[in-house]
Amino acid sequence: MKRRTGLSWLWFSVGIVYFFLPLAATFLFSLKGKKGVLSFAAYRNVFVDPDFLKTFGFSLEMALLTVVAGLVLIVPTAIWIQLKLPKAKPLFDFLTLLPFAIPPIILAFGLIRTYSRPPLALVSSPALLVAGYVIVSFPYIYRSVDSGLRAMDLRGLSEAAQSLGAGWGSLMFRVVLPNLRTALLSATFLTLAIVIGELTLAVLLAWPAFGPYMALMGRNRAYEPAALAILSFGLTWGSIGLIQLLTRTDKEKGPGIGTGAH
Amino acid sequence: MTAHAERPKDADNDATASLGGAAPEPRREFPAGAPGPRVGAQRKKKVSWAWLGPILPWAGLVPFLAFAFLFMILPASSIVVGSFQTEAGAFTLDNFAHLFRPSILNSYLVTIKVSATTAVFGGLLGFLIAYAISLGGLPKGLRSFMSTFSGVASNFAGVPLAFAFIATLGRVGFLTVLLRTLFGFELYDTGFNLYSFWGLTLTYTYFQIPLMILIIEPALDGMKKEWREASESLGASSLQYWAKVGIPVLLPSLLAAFILLFGNAFGAYATAYALTGGLINIVPILIGAQIRGNVLHDANLGFALAFGMVIVMTISILAYTALQRLSSRWVK
């Protein structure tokens with residue numbers, strides 16, 4: 001027994017080293033922006049670069065549009081299926097998880113080929129980028145929403161609400177959505193974290209987004225990319241750590257919530 | 001636990017039951033006279049529902065299905081169609097002949113090698129860490145920390161991850177310089193190069209390990225303590241337990257996880273693009289160059305390349321689903 005715990009500690013430590021050595025090294029590297037001293041010069045350079053704000057703002061805007069479009073597509077459909085059409089669930093599961101199996105590079109290629117000529121020449125419209133992002137975030141949004149729905153008794157709640165005279169509108173906005181709050185927040189933060197730094201679709205559809213901006217910095221600068229990496233990690237950690245905290249407190253109420261795996 | 005777990009099931013049953021009988025109806029035991037006109041109205045409604053009953057609920061799915069078709073199914077299938085066409089649109093199989101050019105074949109080999117190596121290394125380390133935190137007797141707090149961190153780290157990919165490894169192990173990276181100044185050890189004299197095979201492998205492994213932890217944790221939780229106790233009380237050694245019980249039970253989950261990791265690395269574009277500046281010869285990078293039109297001037301080659309990738313991914317999904325079905329016998 002003792003020996004087994006010892007081995008456990010060993011593998012746990014190996015994991016910690018693999019995960020944190022690059023982060024620590026990157027952080028220290030990012031402080032070398034000024035010769036001879038440790039400073040936050042690289043971070044200052046990042047923030048004063050007008051392109052940083054411009055591209056980050058663009059990506060944030062795209063990400064917010066993605067969140068809205070994705071939630072509008074997924075949430076009512078998921079609720080509808082659970083209440084009215086349970087036999088469509090396998091199809092819905094399949095279609096929302098399918099993007100995991102389609103690499104973004106393939107999706108980008110297909111979108112460009114399909115929408116670069118009439119009748120649907122969308123390729124120069126940001127709508128196509130958002131549409132691609134919505135597809136990419138389907139699995140993330142669906143997993144959050146599905147686990148949220150499974151943790152509540154949707155059928156019981158809707159019957160109770162309707163027997164008290166609630167219509168569809170008040171059922172959705174006053175009963176179902178408030179109960180899905182945590183799930184909706186997780187979906188939102190996860191989508192933001194994934195879309196803001198996304199590179200593949202943005203580069204191939206030629207948009208001045210944050211991902212391509214970072215890649216360009218990587219070619220031209222030495223310390224600023226390290227600062228960007230730390231900032232991005234902070235962003236990812238902030239949004240996903242927050243979600244895990246939110247869902248963890250929910251988890252105690254019911255076992256229906258899945259892990260964050262993908 | 002059981003009360004909670006059963007509730008959704010009941011809800012599902014109710015739903016299917018009421019689906020067969022069209023929309024939920026008010027009970028009929030009411031004396032016919034009492035709410036007179038309302039009953040009449042309900043009856044009228046019931047007739048129309050019975051008509052549309054089976055079709056109407058599908059109407060609620062139209063927006064989602066239309067979107068998924070337009071922006072996922074249609075683009076993905078356009079690649080399959082395109083790989084059978086000449087530039088003029090006529091049917092051809094020539095594109096596939098290109099796949100067997102030595103340079104293309106080689107890029108497939110490199111991609112498969114990177115994906116398999118990272119899936120094995122990442123999978124093995126991820127499994128050992130997951131085992132340590134779930135069954136290995138470590139304090140509970142470490143487990144929730146590692147799980148949370150894995151959720152973050154498995155999504156920490158792409159450009160920032162590449163930057164982190166350049167800052168750590170690049171030519172002037174922190175660790176490279178540290179090794180030189182402390183031990184006089186020249187990492188790049190050993191043949192190591194962050195911008196080629198081993199660098200890519202090391203970098204991909206960073207997101208493969210946490211992904212493995214997240215995938216395999218539920219399977220490990222499904223390993224019942226009783227199995228181990230039973231085999232020990234029958235005199236089995238630890239080795240025998242693993243050979244006869246542990247590994248056979250876990251094998252489908254392990255293989256499924258391996259396939260998932262393989263596919264995850266096979267399709268990765270952003271990390272490789274940012275790490276190597278698009279100079280490494282792997283399939284996603286070649287497809288990207290093809291789309292941007294600045295390397296190969298053979299438009300239909302892009303389709304063939306992408307089609308090859310679609311095939312690899314399809315085989316992976318089929319194998320994954322089959323294995324999942326096998327492993328769900330044990331992991332509930």
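Okay, let's start with chain B: take its contacts between residues at least 6 apart in sequence, and 75% of them join residues at least 24 apart. By contact I mean two residues whose C-beta atoms, placed from the backbone, lie within 7 Å.

Before I go on, some housekeeping. This is a predicted model, where local features need pLDDT of at least 70, side-chain atom pairs count only at pLDDT 80 or more, and totals for chains, interfaces and linings use all residues. Residues are numbered from 1 along each chain as its sequence is written, and chains are lettered from A, with ligands numbered from 1, in the order in which they are written.

So what is chain B built from? It has 15 helices and zero strands, where helices (H or I, at least four residues) and strands (E, at least two) are DSSP runs numbered from the N terminus. Of the 332 residues in chain B, 39% are buried. Buried here means 20 or more other C-beta atoms within 10 Å of the residue's own, exposed means 12 or fewer, and partly exposed is in between, again with C-beta atoms placed from the backbone.

Now chain A. That one comes to twelve helices and zero strands, and 49% of its 262 residues count as buried. Its C-alpha atoms fill a box of roughly 75 × 70 × 30 Å along the principal axes. Have a look at helix α3, residues 50-84 of chain A: 35 residues, reaching 51 Å from first C-alpha to last, close to the 51 Å expected at 1.5 Å a residue. That expected span is 1.5 Å times one less than the number of residues. There's also a kink of about 25° in α3(A), centred on A:Leu71; the bend is the angle between axes fitted to the seven residues ending there and the seven starting there.

How do the chains meet? 78 residues of chain A are in contact with 79 residues of chain B. On the chain A side, the largest share, 18 residues, comes from helix α1, residues 2-30. That side divides into 50 nonpolar, 21 polar and seven charged residues. For the record, Ala, Val, Leu, Ile, Met, Phe, Trp, Tyr, Cys and Pro count as nonpolar, Asp, Glu, Lys and Arg as charged, and the others, Gly among them, as polar.

On to the largest nonpolar core, which has 161 residues; among those touching the most other members are A:Ile106, A:Val145 and B:Phe163. A core is a set of buried Ala, Val, Leu, Ile, Met, Phe, Trp, Tyr and Cys residues joined through C-beta atoms within 7 Å. Helix α6 of chain A, residues 126-151, gives the largest share, 15 residues. As for B:Phe163, leaving out residues up to four places away in sequence, its contacts include A:Gly218, A:Pro225 and B:Ala274.

One more residue: A:Leu246, in helix α12 of chain A. Why is A:Leu246 partly exposed? Because it has 16 C-beta neighbours inside 10 Å. Beyond four places in sequence, A:Leu246 touches A:Thr182, A:Leu185 and A:Ser186.

Last, confidence. The predictor gives the complex an ipTM of 0.87 and a pTM of 0.82. Mean pLDDT, the predictor's per-residue confidence from 0 to 100, is 86 for chain A and 80 for chain B. Residues 1-43 of chain B are below 50, and residues 251-262 of chain A stay under 50. Where pLDDT is low, the predicted coordinates should not be read in detail.
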